Amino acid sequence: MLRQVAEGVLIHESEFCQSNAVAVQGRAGVLLIDPGVQDHEMTCLATDLRELHQPVMAGFSTHPHWDHLLWHAGFGAAPRYGTARCAATVRARLSDAGAKARIAAQLIPPDIAEQVPLDLLGLITGLPAGTARIPWDGPQVRIIEHQAHAPGHAALLIEERGVLVAGDMLSDVLIPMLNLNDTADPIEDYLAALRLLEGAADGVDVLVPGHGSVGGADQVHARIDQDRAYVNALRNAQAPSDPRVGPSATYDWVPGVHERQLQHLARRSERDGTPG
């Protein structure tokens, strides 16, 4: 089920929302980034890695949303990391006994709820604030932290392999989904994050979004530009010229997300007397 997208970088695309799990090969095993969603997929992934003699040496969650915080016993007890702010957000959200039940009931689609293992959800260690690279015995993986989409969100740049793992940004099927609840200026946070990714884009040959198709070198700046155009249209309350929310949208629920973002920003602007 694994597909190689660059030297030593393998991915698996989930049935759920085209979620991409990424395995980066190191000296003794792999770094597993956002490892999957459904139990049977993660079981198969663990089996494939075992047959490749590639044990999981470390894990990383790009941000604190449930579908990026899952784990499977078959991956073993490797340390699982996130940014300090990501880990703190996870701890706060999972701090009471009913948190997992609420996630299962309110956030996970009913048709896959029984297939999503929550027993190891969110057991990540926050790296010290400002940590530049993931600590593991493999290719250097640079952490590009920002506050777009979710608190403590990280994109990961595997420089010597020319791979940018973007987390929930730069998708060809999902529009930018702003962090509307944890920030004073969600529009500017998103635009600032796009500038960070743009600054890291030189030399990137492979783009792996959290959801959607893997892109080549020609797609990196194109997707940054597309996301920026969408966010600017959102800021100006304009109808975006974006196929991800048009009649050809891959997912029929995405236009609803767009409308909710428009409404939220309009209410914020009316309350605060500021644009966006």
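1. Helix α4 (residues 186-199) packs with helix α5 (residues 217-235) at an angle of about 165°, and their axes are 10 Å apart. Axes are lines fitted to C-alpha atoms, for helices over the stretch in contact, with angles from 0 to 180 degrees between N-to-C directions. That makes α4 roughly antiparallel to α5 (the term applies to angles over 145 degrees).

2. The model is predicted: local features need pLDDT of at least 70 and side-chain atom pairs count only at pLDDT 80 or more, while totals for chains, interfaces and linings use all residues. Residues are numbered from 1 along each chain as its sequence is written, and side-chain values use heavy atoms, with hydrogens and water left out.

3. In the α4 and α5 contact (heavy atoms within 4.5 Å), the α4 residues include Y190, L194 and E198, and the α5 residues include H221, I224 and R228. By class, this contact of α4 with α5 has 8 nonpolar, 2 polar and 6 charged residues.

4. An open sheet of 7 strands runs in the order β1-β2-β3-β4-β5-β6-β7, with mixed pairing (two strands pair if DSSP finds at least two bridges between them). β1 (3-6) and β7 (125-126) are at the edges with a single partner strand each, so one side of each has no neighbour in the sheet. β1 pairs with strand β2 (residues 9-13) in the antiparallel sense over 3 bridges, and A6 stands opposite V9 in β2.

5. The whole structure holds 3 aromatic pairs (ring centres within 6.5 Å). One of them, F16 with W66, is tilted, at 5.5 Å centre to centre and 45° between the planes; planes under 30 degrees apart count as stacked, over 60 as edge-to-face and the rest as tilted. F16 is in the loop between β2 and β3 (20-25) and W66 in the loop between β5 (56-60) and β6 (80-82), so the pair ties together parts 50 residues apart in sequence.

Methods: Helix = DSSP H or I, 4+ residues; strand = E, 2+ residues; numbered from the N terminus. Parallel < 35°, antiparallel > 145°, perpendicular 65-115°, else oblique. Nonpolar A, V, L, I, M, F, W, Y, C, P; charged D, E, K, R; others polar. Phe/Tyr/Trp six-rings, centres within 6.5 Å; stacked < 30°, edge-to-face > 60°.
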